[in-house]
Amino acid sequence: MLKTLILKNVGPNAEMPPFEFGERLNILTGDNGLGKSFLLDIIWWTLTKTFPADINPLLTGGRAALPIRGKKGEITAMFSTKSKKLYPFTSSFDTKKQIWGVPQGRPTNPGIVLYAMSDGSFAVWDPARNYWETSPRKTERSHREPYVFSPKEIWDGLNDKDGTSLCNGIIRDWASWQKESKIPFENLKVLLEWLSPSTNELITPGELTRISLKDVRDMPTLRMPYRQDVPVVHASSGMRRIIALAYVLLWAWQEHRIAAHLIHETPSNQVVFLIDEIESHLHPRWQQSIVPTVMSVVEKLHKEAKVQLIAVTHSPLIMASIEPTFNAEKDAWFDFDYEDKKVTLTKRDFEKYGDANTWLSSPAFDLKSTRAIKFAEFINKASAMLEQKEPKQSEIQNIHSQLVQALNPEDDFLIRWQYVCQKKGWLK
Ligand SMILES: Nc1ncnc2c1ncn2[C@@H]1O[C@H](COP(=O)(O)OP(=O)(O)OP(=O)(O)O)[C@@H](O)[C@H]1O
Ligand SMILES: [Mg+2]
């Protein structure tokens, strides 16, 4: 569980205030390019001492962090381990070796760490499998690499450098679980149901099928409401994102329990889940439920564990969706901005803005108007005109016809404009 993080001379700003994370939900907002995904990469590194792209070169993101040129980069973090002890950790960038220094000796165990990247890549660090391994050839035990999947590998399977299969991937696992019709398939069905957008739109497995003469795999399908079974590889982007999320959660949980049993350890009591752009590909209705659902799904899977979710969003619906459960003692909202040519970070008090539209003009998104830019300009011009004493009749008529053409007849601004203009005798 990550408590604090201090970055110096690394990322878009040399001096960021410390991040004091909430123990449960942490939500990150901010404009494009201000370092939100980068922060998730750094958090992943802090917990696992690896960068995803160093493990899997197929990734397009998750590259190793480079400090600001000519400056000494430093990452300081405090996290709690399985024993709930607080563990401080500082690393400096070694410019000669071009790596971040890691203390010698036994690394600390942060619990299970899951990372869903915005492009559909995933990474899993499992304390029972990646923490400490005994190699038959080595006398010393060493660190085994985490599981890092490119978007394709999560579907088709992941092999290590020697070609050993590390994970079968969604297509093979789903099909074999379905054929065996045992607990993993029941669990998958339950997870897909929980993660569905609503009880009217359940994600339900259909019959296995074949989709090509070349591909010998039995292909899982989804039973669509229009009574057709659609192969999962043809499913929509939103469906595929959720299927992949459900699979990673289930696979990581199952394999962790098997591995923990094998090495005579109790399953981990901590889970950190990093999700970039949690709303990606989801329809607004689905966006309204995804954060509470993901939280409860992870809590249900890891019954005895504490779950910390760190999620990035660009969606006002996501912000509105967390209003009922946001608890300042356990949760935190970090907002990145760009001010005076600098990236700034503010840990904001969570206010209830009530609905997604109001969230758009909140500090999370800073929109002055939620209308089309052109229509907002008409309204600005009309508002300025209402302040004038005697505008020219031709200008009033001009703005009036622009507003009438642009806006809905029921639009609040149009109604107010017409009322004021009539009162002033501007409109005949
Ligand atoms: N590997 C890296 N090393 C150093 N700095 C990096 C690295 N990767 C990204 N950055 C910094 O982060 C900035 C981009 O940030 P990032 O991709 O995290 O944006 P974002 O806030 O996630 O934007 P978007 O909302 O578009 O996804 C870069 O301009 C750069 O300053
Ligand atoms: Mg990003």
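A residue counts as partly exposed when its relative accessible area falls between the buried limit of under 20% and the exposed limit of over 50%. In this predicted model, R371 is partly exposed because its relative accessibility is 32%. R371 forms a salt bridge with D411, with the closest N and O atoms 2.8 Å apart. R371 sits in the loop between α9 (356-360) and α10 (373-387), and D411 in the loop between α11 (393-406) and α12 (412-424), so the pair ties together parts 40 residues apart in sequence. D411 is buried, at 13% relative accessible area.

Salt bridges that share partners also join K152, D156, D215 and R217 into one network. The whole structure holds 15 salt bridges.

Another of these pairs is R285 with E201, at 3.0 Å from N to O. This pair links distant parts of the chain, 84 residues apart. R285 belongs to helix α7 (residues 284-301), while E201 lies in the loop between α5 and β14 (221-223). R285 is partly exposed at 41%. E201 is partly exposed at 30%.

K189 is partly exposed at 31%, and E186 at 38%.

On the surface, D31, E339, D340 and D366 gather in a patch of negative charge. D31 is placed in the loop between β3 (25-30) and α1 (36-48). D31 is exposed, with 53% relative accessible area.

The chain divides into domain 1 (2-360) and domain 2 (373-424). Their C-alpha centres lie 49 Å apart.

Methods. Residues numbered from 1 in each chain as written. Chains lettered and ligands numbered in written order. Predicted model: local features only at pLDDT ≥ 70, side-chain atom pairs only at ≥ 80, totals over all residues. Heavy atoms only, no water. Patch = residues over 30% accessible without salt bridge, like charges linked within 9 Å, V, L, I, M, F, W, Y side chains within 5 Å. Areas by Shrake-Rupley, 256 points an atom, 1.4 Å probe, with all protein chains shown as cover. Salt bridge = Lys/Arg side-chain N within 4 Å of Asp/Glu carboxyl O. Lys, Arg positive; Asp, Glu negative; His and termini not counted. Charge placed at Lys NZ, Arg CZ, Asp CG, Glu CD. Helix = DSSP H or I, 4+ residues; strand = E, 2+ residues; numbered from the N terminus. Buried < 20%, exposed > 50% of the residue type's maximum accessible area, 1.4 Å probe, protein only. Domains from an automatic or database assignment.
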